[in-house]
Amino acid sequence: MTAEPITLTQQQAGAQSLASGGIGHALLAIEQAFNGAGDWASARHLIKQATAGPVDAAAHTGLYYGAPAVAVLLHATTADGTQRYPAARQALERHVRRITRTRLSDATARLRERRAATFAEYDLFTGLIGIGALLLHHAPGSSELGDVLRYAVRLAEPRYHDGMQVPGWWVEHHPDPLLPTPSGHANLGMAHGAAGLLALLAHASLRGQHVDGLSDAIGWLGAFFDQWQQPSPHGPWWPQWITREHLLTGRHTHPGPVRPSWCYGAAGIARALQLAGMATGDRTRKTTAERALAACLSGPQLDRLTDPGICHGLAGLYQTAHRAAADTTNPAIACQLPALAERVASTAGSPEGGFLTGTTGVALTRESIRTGQPPHTRWDTCLLIA
């Protein structure tokens, strides 16, 4: 592993990608080895393939690529208490903590210079929210985690941009090249926006991590989602992002509900709000979030999901609802899981392809369906729903 940027072949880079490459395949094999659907020989073979080349540990890596992603993989092997790959895991932890310090230093400089944030700085896939999720589960006593949480609190605070008060995670770049926002935007989703930020802070609070301002930040973010929640006959929904025009008018211009996906839709947002309600003892927020998630599981809402995958499809919705159902006594979510499970099962093929949008993620979700239990490997912590 090296801290300097390295040149990898396409195959080597793909091997250490959680989003689309070999790490997802190995993670599936580990989960199956734990629950009896596979064997450790197959899992070890795929782990070796995923870690055979040089591991990228430069500052541009994140939860879904490079040293942090490999750390996720090797930590998954210890779910039964057996300390597999101890030397490699210790080396990866040192690299992750160094990467964290570098990323925090860059973010602090950006904040000091009052420049806008970027997805690459903060989001779940590539930024400090994702790294924070990794540290929360595998280095909970580290000073780096505390510093990431303090950064996250600061990121939640409103700031001024071109004379207007905007959310602290405001970015100037487009959310998608095909969907430009020339004046910038504040993203609401779990993958790149406010829901991911809220979920990280709520999980931290629920796990006993406290830094100054954490509860206030959870409150600000909850109020932000309250402000932009939209009603519909089939349950509430939220815009994917808020632009400068939306802030000026106080109204969004989205034509109607978006698909209730994990990454951008009501499912991921509702899970983040449920966690926030649990963290702060706000029963009203928790109950409202659970009703919103239950509404995603049937009728026109569900029919908007045509993709089978984790990121913006049926598998991501199922796993999100599965986790949310375990945190409530309201049966409205759990009673709809069997029908959703049938949809997931009917779309799944062979476990080839990526974790986020391919059939590897679907296959991991099918293991949750088959066993009826939370995953041994807790792979869904990479989605901030657990």
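A salt bridge is taken here as a side-chain nitrogen of Lys or Arg within 4 Å of a carboxyl oxygen of Asp or Glu. The structure is a predicted model, in which local features need pLDDT of at least 70 and side-chain atom pairs count only at pLDDT 80 or more, while totals for chains, interfaces and linings use all residues. Residues are numbered from 1 along each chain as its sequence is written, and side-chain values use heavy atoms, with hydrogens and water left out.

In total, 14 salt bridges are present. One of them joins Glu113 to Arg115, with an N to O distance of 2.7 Å. Accessibility is classed as buried (under 20% relative accessible area), exposed (over 50%) or partly exposed (in between), with a 1.4 Å probe and protein chains only. Glu113, at 48%, is partly exposed, and Arg115 falls in the partly exposed class at 40%.

Another salt bridge connects Arg97 and Glu144, whose closest N and O atoms are 2.9 Å apart. This pair links distant parts of the chain, 47 residues apart: Arg97 belongs to helix α5 (residues 86-112) and Glu144 to helix α8 (residues 143-156). Helices (H or I, at least four residues) and strands (E, at least two) are DSSP runs numbered from the N terminus. Glu144 is buried, having a relative accessible area of 4%, whereas Arg97 is partly exposed at 25%. Both residues also take part in a network of salt bridges that includes Glu93 and Arg101.

Helix α8 contains a further pair, Asp147 and Arg150, placed three residues apart, about one turn of the helix. Their side chains form a salt bridge with an N to O distance of 3.0 Å. Asp147 is partly exposed at 35% relative accessibility, as is Arg150 at 45%.

The buried residues of α3 are Trp40, Ala43, Ile47 and Ala50. Viewed down the helix axis, these buried residues fall within an arc of 85° and therefore line one face of α3, the arc being that of the directions from the helix axis to the C-beta atoms. The elements covering them include α1 (10-15), α2 (22-35) and α4 (67-76), with contact meaning heavy atoms within 4.5 Å.
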